[in-house]
Each structure stands twice: as C-alpha cells, then as structure tokens.
Amino acid sequence: MKIRDSGMPDESYWESLFNVPLILSRLGIERFHDVAELGCGYGTFSIPIAAAISGTLYTFDVEPGMLARTRERGAGLPIVCEHRDIMQEGFGVSADAVLLFNVLHCERPVELLRHATNALYIGGEVLVIHWRYAETPRGPSLDIRPRPEQIIAWAADADLNLIGDVIDLPPWHYGLRFGLVE
Ligand SMILES: C[S@@+](CC[C@H](N)C(=O)[O-])C[C@H]1O[C@@H](n2cnc3c(N)ncnc32)[C@H](O)[C@@H]1O
C-alpha cells in the first residue's frame, strides 16, 4: 500500500528543499557498508549514498517512474533498485543501516519501524529524517506529521533505542538515529 501523502512534486523543487551533503554528514552515512532505503523517490539520497558507502545501496519504491529515474541516475554505482511494497512485504534484505526518510507519517509507523528492525544486522542503525513540526514549504499536514518524541516512542515499540540526540538538519528537517535494544 502506498504511504499516504507520499506523492512527489517536481524533481528540482524537491531537491531544493534539502541540504543533502549536510544531512548525510550529520547522519554519518560513510560509516556503513550495506544500506537499505524505503522510497528511492528521485534518488535524491540514494545516489550520493551509493557513492559514499563501501557496500551496496538497496532501494525500493512502488512508483515505476521513481525507480526508472533512480536507475538512470545511478548507472555505474552500487545500487539495487527494485519495485517492492515495503509496508506489505518488508525489506527482504539485511543491511547495516535502514533509511526511513520522509515516510514516518505513514498509516502504520510501528509496523514500518518493525520492518526496519527486522532488516538490521546486529550493530546496525535505523536512520530517520522528517519534516520539522512547524510551517514548512512542503511535507505532510501537521495532523499526520510526527514530532521527534512521537517517533522515539514508536521506535521503542519496535525494539529500537535512540542513539544520541535529535539532529538538526536545516533548513526544514530533523534526524534521528536508532539502534537495536540489547
Ligand atoms: C515522500 S517520498 C520520499 C522519497 C525519498 N525517501 C526522499 O526523501 O527523497 C516517498 C517515496 O516512497 C514511495 N513509497 C510510498 N509507499 C511505499 C511503499 N509502501 N513501499 C515502497 N515505497 C513506497 C513513494 O512512491 C515515494 O517515492
């Protein structure tokens, strides 16, 4: 099932809303070997991550157009880009980091976080970014937009502990890192 409010605007507009190098640096993406991502979208994060990590980026989407664009941009990089409904099927791979970027306003967030938990190698991390709970130029309506504390509580229900603090990702986002409960 496609996550609510997960349609995408024009590519160049979407990519003007993020400082991608800053986000990836603050999340420490280079530390990871294999990475799995829900929702490649235009490949906004998939492409630089595949170029930065030592292993493979596995990315999944339900929109054929998004998969085609990411495959086109990722030619020559270590990316596996497949059609998969993660809400229904889970990730189907294991990884050192699982990315839930701009998707935790979904209908069943604990279920999605549980899929991420199940895909993690021991010692791996679930990395989340989401729109600040404030007026932003894009993002889901505040009615369904989670605050960081809400995501931390959902994550605990999926056996994930917050690592460190809430990470500021200007101009419009925040980030969270989670590890498996021991
Ligand atoms: C808001 S976009 C975010 C894309 C990317 N993570 C980013 O931040 O640039 C959400 C993406 O998830 C995809 N998506 C929605 N529901 C999905 C599902 N159940 N399984 C896999 N992908 C899904 C959408 O098609 C869309 O490309």
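A36 of strand β1 (residues 35–38) lies opposite Y58 of β2. In this predicted model, local features require a pLDDT of at least 70 and side-chain atom pairs count only at pLDDT 80 or more, while totals for chains, interfaces and linings use all residues. Residue numbers start from 1 along each chain as its sequence is written. Helices (H or I, at least four residues) and strands (E, at least two) are DSSP runs, numbered from the N terminus.

Four bridges join β1 and β2 in the parallel sense; pairing requires at least two DSSP bridges between two strands. From β1 the chain passes through helix α3 (residues 46–52) to reach β2 in a right-handed β-α-β crossover. Right-handed denotes a path from the first strand over the helix to the second that runs clockwise with the strands pointing away from the viewer.

Strand β3 (residues 79–83) also pairs with β2 in the parallel sense, over five bridges, and T59 is opposite C81 of β3. A right-handed β-α-β unit is formed by β2, helix α4 (residues 64–73) and β3.

Strand β2 (residues 57–61) is largely enclosed by the rest of the structure, because five of its five residues are buried. A buried residue has 20 or more other C-beta atoms within 10 Å of its own, with C-beta atoms placed from the backbone. L57, T59 and D61 cover one side, and Y58 and F60 the other.

The ligand is surrounded by 21 residues, the closest being I3, G39, G41, E63 and F101. At least two residues of this shell come from each of β2 and α5 (86–89).

Key: Buried ≥ 20, exposed ≤ 12 C-beta atoms within 10 Å, placed from the backbone. Near = placed C-beta within 6 Å.
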